[in-house]
Amino acid sequence: MSTGREVTTTGTPADTPGPAGIPGPADTPDPAGTTGPSGTTGPSGTTGPSGITGPSGEPAPAARPAPAEPAPPPVGGVLWSVAGDVRALLMLPAALTMQVAHPAIGAGVDEHSVFRTDPWGRGERSLRSVQLWVYGGADAAAEGRRLRALHRDIQGTDAHGRRYHALTPAYYSWVHATGYPVYRHGLALLHRPLTEAQDRRLYAEWLQVGRILGIHDRDMPQTVEEFWPYYRRVLAEELEATAVVRELLDPDAPVPAPDRGPLLLRIALRPLWPLLRRPFQRIRAFLTVGLMPPDARAAIGLEWTPEQERRLRRLARVVRAVVPVLPERLRYLPLARRARQAARR
C-alpha cells in the first residue's frame, strides 16, 4: 500500500508513492528488470549457440535472455478482491502514517514531498499507482520501474543526523511491508477476518507486488512466520512520532480545499471549506489511528481510548453492512472496476 510518499526531484512534483527515504547508493539494489553483462562466452575453443566465433577463435558472446518482468498478483486472488474495494481508501492513511513514522522515511517526505502544497493531487496519483500494481497488467512492472527512477536522487539527513537515500533496501522494504499488516487489520474490521489460508495468500501476493516495485526477495521476509519478528523489530527499534506523523494527525494543520473530483462538488465545497476543514481532519485522524494495527499505534505513541475503539467498531458495522450491497460502479475504484469487467469478458 504503498505508497503515498510523493516526492519532488529537480523541483518537479513526483506522481506517486514510493519510499521517500534513504544510506547511500552503494547499498541500493539494482532496479527490477536490470541485468548484468549482456553476453556470455562458452568454454575455450567452443562456439556459441549460433556457431559464430570471435577473431581469436573464441565463441562470440551469446545474448542473455531478458529476465521476465514480475507479474501482478493473480486475477481472483485476495488482493484482486480487496485492493480496489472502496474500503481500501479508509485503510491507506494508516499505512502511510506507519511509513513516515520511520525517521528516515519521514525525513524524505518532510524534505521532498508535495503533501503540503498539493495533498489532493498527491493522493490521487498515489492511489492510481497502488491500483496499477494490482490491476495494471503489463503496466504494473512499468509503474514499478518508474517509481524507482523517481526516487534515485532522493537523499538527505534525518532528524537524528543520519544520512538517508530513498532506495536503501531496509527503508524501501519497510514502506512496502506496512501494507500487509494494515490490510490484515483493516479487513478484520471492515470486511471479515482472513482465514489462515487467505492470510498466507495475501502475504504471498504482497511479496509479488514488492517484486514489481523492485524489492529483492533477500530484502523481505519470505514467509508469514518470518515477517512478524521482522515487523516487531522495526516497531521496537525504529518507529517514533516524527514531525510528519504529528502534522498528518494535527486537526489544525492547513489543508487546501479539494481540487479534485466532480466540478460541482468542488464548487460547493470551496466556500464551506473553512468550516469543514477541521471536522474533516479530525475524522481522518480518527480513521488513520483506528485502522492502524494496535501494536504499531503503541510503538509510535499514538493515543487510542476504549471509547474511540467502540466508536470505530460501530462505524465498521455500518461499513460491513452497506458496502457489499453497493453497485459495482460505486463499490470499486475505476481501475479495479475496469479490470474486473475485462476479466469477466
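**Pockets, a surface patch and salt bridges**

The largest pocket is lined by 38 residues, and P93, P119, W120, G123 and R284 are the ones nearest its centre. The structure is a predicted model, in which local features need pLDDT of at least 70, side-chain atom pairs count only at pLDDT 80 or more, and totals for chains, interfaces and linings use all residues. Residues are numbered from 1 along each chain as its sequence is written, and side-chain values use heavy atoms, with hydrogens and water left out.

A pocket here is an open set of points on a 1 Å grid over the protein atoms alone, where a 1.4 Å probe fits, with protein on both sides within 12 Å along at least five of seven lines; lining residues have an atom within 4 Å of a point. The volume of the largest pocket is about 1,200 Å³, a volume being the space filled by probe spheres set on the points, which are joined across faces, edges and corners. Two or more lining residues come from each of helix 2 (87-100), helix 4 (119-135), helix 10 (243-248) and helix 11 (263-290). Helices are DSSP runs of H or I with at least four residues, numbered from the N terminus. Helix 4 gives the largest share of this lining, 8 residues. By residue type, the lining of the largest pocket comprises 24 nonpolar, 7 polar and 7 charged residues; Ala, Val, Leu, Ile, Met, Phe, Trp, Tyr, Cys and Pro count as nonpolar, Asp, Glu, Lys and Arg as charged, and the others, Gly among them, as polar.

The second largest pocket holds about 440 Å³ of space. Its lining has 15 residues, of which L249, R282, A285, F286 and Q308 are the closest to its centre. Helix 11 and helix 13 (306-322) each supply at least two residues of this lining, and the largest share, 7 residues, comes from helix 11. The lining of the second largest pocket divides into 10 nonpolar, 2 polar and 3 charged residues.

Because 11 of its 14 residues are buried, helix 2 is largely enclosed by the rest of the structure. Buried means under 20% relative accessible area, exposed over 50%, and partly exposed in between (1.4 Å probe, protein chains only). Among the buried residues of helix 2 are R87, M91, L92 and V100.

I267 lies in helix 11 and is partly exposed, at 42% relative accessible area.

The salt bridges complete the picture. A salt bridge is a side-chain nitrogen of Lys or Arg within 4 Å of a carboxyl oxygen of Asp or Glu, and the count by this rule is 20. D118 is paired with R125 in a salt bridge whose closest N and O atoms are 2.8 Å apart; D118 is buried at 15% relative accessibility, and R125 is buried at 18%. In the salt bridge between D158 and R162, the corresponding distance is 3.0 Å. Here D158 is buried, at 8%, whereas R162 is partly exposed, at 41%. R260 and D259 form a salt bridge at 3.4 Å between the closest N and O atoms, with R260 partly exposed at 31% and D259 partly exposed at 39%. Finally, a network of salt bridges links D85, R87 and R331.
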